[in-house]
Amino acid sequence: MDKTFRNEVFGQACSWIKEAGDTIRAKIDAPRSIETKSNPNDLVTEMDQETEQFFAEKIKKAYPEHFLLGEEGFGDEIEELQGTVWVVDPIDGTMNFVHQKRNFAISIGIYHDGVGEIGLIYDVMDDALYTAKRGEGAYKNDHKLPQLSKERPLEQSILALNTSWMVPENPHVDHEGMQRLVKKLRSTRSYGSAALEFAYVAEGILDGYLTMTLMPWDYAAGAILVEEVGGTVSRADKGDLDLLKQTTVLASRANIYDEISDEYVQLKK
Ligand code: IPD
Ligand code: CA
Ligand code: CA
Ligand code: CA
């Protein structure tokens with residue numbers, strides 16, 4: 001992607017994400033229409049839908065040749081990653097949005113021919129905008145984020161984990177390995193917003209994030225942010241991420257990445 005054009009797109013995306021966030025903040029105490037999707041705990045609100053629609057309209061008008069891959073279905077049916085694709089999660093952490101009215105984010109990853117060019121994660125209630133452009137580092141608001149430590153060992157690390165897939169019934173994870181990992185770590189955290197968990201890894205306040213089921217819009221922006229500060233992002237088994245599929249994800253500081261994947265995470269087929 002041409003740099004001048006990328007800067008223009010970046011500026012637009014930043015102003016739209018802030019505008020969408022302002023709207024959500026202004027309506028945070030309004031009555032909510034809450035529906036469920038795949039199961040009774042899979043929530044969606046009118047605000048998720050309105051926010052995605054807002055981006056769909058803005059993108060179509062300004063960049064009719066671009067595509068939108070969004071969670072709530074206002075985007076395009078995408079089967080390949082050619083051209084410029086905006087991967088948008090209008091509210092990441094809908095359960096937090098509904099129950100806590102905080103700890104949720106808007107996430108936008110912009111990819112060109114499959115390469116991540118721009119990542120934006122907006123922590124709406126904290127008014128904190130995390131941004132990255134490929135090759136130019138990552139920022140929290142105007143503050144450039146330093147490169148992540150390559151020294152701190154696993155026993156002094158805090159890892160964000162989704163505990164929901166750790167129940168013994170889950171057939172895909174070796175629970176013995178996970179238990180050893182949890183014992184080895186300094187501690188674990190679970191924030192309920194994948195996008196924020198990536199942002200916190202990029203910021204260096206979490207050492208890593210490991211999860212067994214994410215969709216493209218959950219990690220599209222976060223992966224770019226973490227890589228821009230020298231972190232490593234892949235599937236939990238170290239395979240390449242495929243932006244068109246549901247996936248496991250391991251994102252962490254580079255020096256603990258191999259150890260976590262090789263010694264603790266065994267996935268069962
Ligand atoms: C969810 C959140 C959550 C993660 C789920 C996602 P949503 O996204 O990121 O932290 O564990 O896998 O689906 O539905 O709130 O946008
Ligand atoms: Ca959802
Ligand atoms: Ca999400
Ligand atoms: Ca969402």
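The model is a predicted one, in which local features need pLDDT of at least 70 and side-chain atom pairs count only at pLDDT 80 or more, while totals for chains, interfaces and linings use all residues. Residues are numbered from 1 along each chain as its sequence is written, and chains are lettered from A and ligands numbered from 1 in the order in which they are written.

The protein has 7 helices and 14 strands, taken as DSSP runs numbered from the N terminus (helices are H or I with at least four residues, strands E with at least two). Its radius of gyration is 18 Å, close to the 18 Å that the globule rule gives for 269 residues, so the protein is as compact as a globular protein of that length; the radius is taken over C-alpha atoms, and the rule is 2.2 Å times the number of residues to the power 0.38. Of the contacts (C-beta atoms, placed from the backbone, within 7 Å) with a separation of 6 or more, 63% join residues 24 or more positions apart.

One open sheet is built from 7 strands in the order β3-β4-β5-β6-β7-β8-β9, with mixed pairing, where two strands pair if DSSP finds at least two bridges between them. Its edge strands, β3 and β9 (143–144), each pair on one side only. Within this sheet, β5 and β6 (residues 115–123) are antiparallel over 8 bridges, and Tyr111 has Gly116 in β6 as its bridge partner.

Helix α2 lies across β3, β4 and β5 and runs at about 155° to β4; axes here are lines fitted to C-alpha atoms, for helices over the stretch in contact, and angles run from 0 to 180 degrees between N-to-C directions. The buried residues in α2 include Met47, Phe55 and Ile59, and among the elements covering its buried residues are α1 (3–26), β2 (43–45) and α3 (94–99).

Helix α6 also packs on this sheet, touching β3, β4, β5, β6, β7 (128–133) and β8 (138–140), and its direction makes about 105° with that of β6. This helix is mostly covered, with 12 of its 13 residues buried, including Trp217, Tyr219, Leu225 and Glu228. At 1.5 Å a residue, the 13 residues of α6 (216–228) should span 18 Å, which agrees with the 18 Å between its end C-alpha atoms; the expected span is 1.5 Å times one less than the number of residues. Just after α6, Gly230 takes a positive phi of about 90°.

Another open sheet has 5 strands in the order β11-β10-β12-β14-β13, again with mixed pairing, and its edge strands are β11 (187–189) and β13 (232–234). Strand β13 pairs with β14 (residues 247–252) in the antiparallel sense over 3 bridges, and Thr232 stands opposite Ser252 in β14. Helix α7 (residues 254–263) packs on this sheet, touching β12, β13 and β14, with its direction at about 140° to that of β14. Helix α5 (residues 194–203) lies across β10 (158–161), β12 (208–214) and β14, running at about 155° to β12.

Notes: Buried ≥ 20, exposed ≤ 12 C-beta atoms within 10 Å, placed from the backbone. Contact = placed C-beta atoms within 7 Å.
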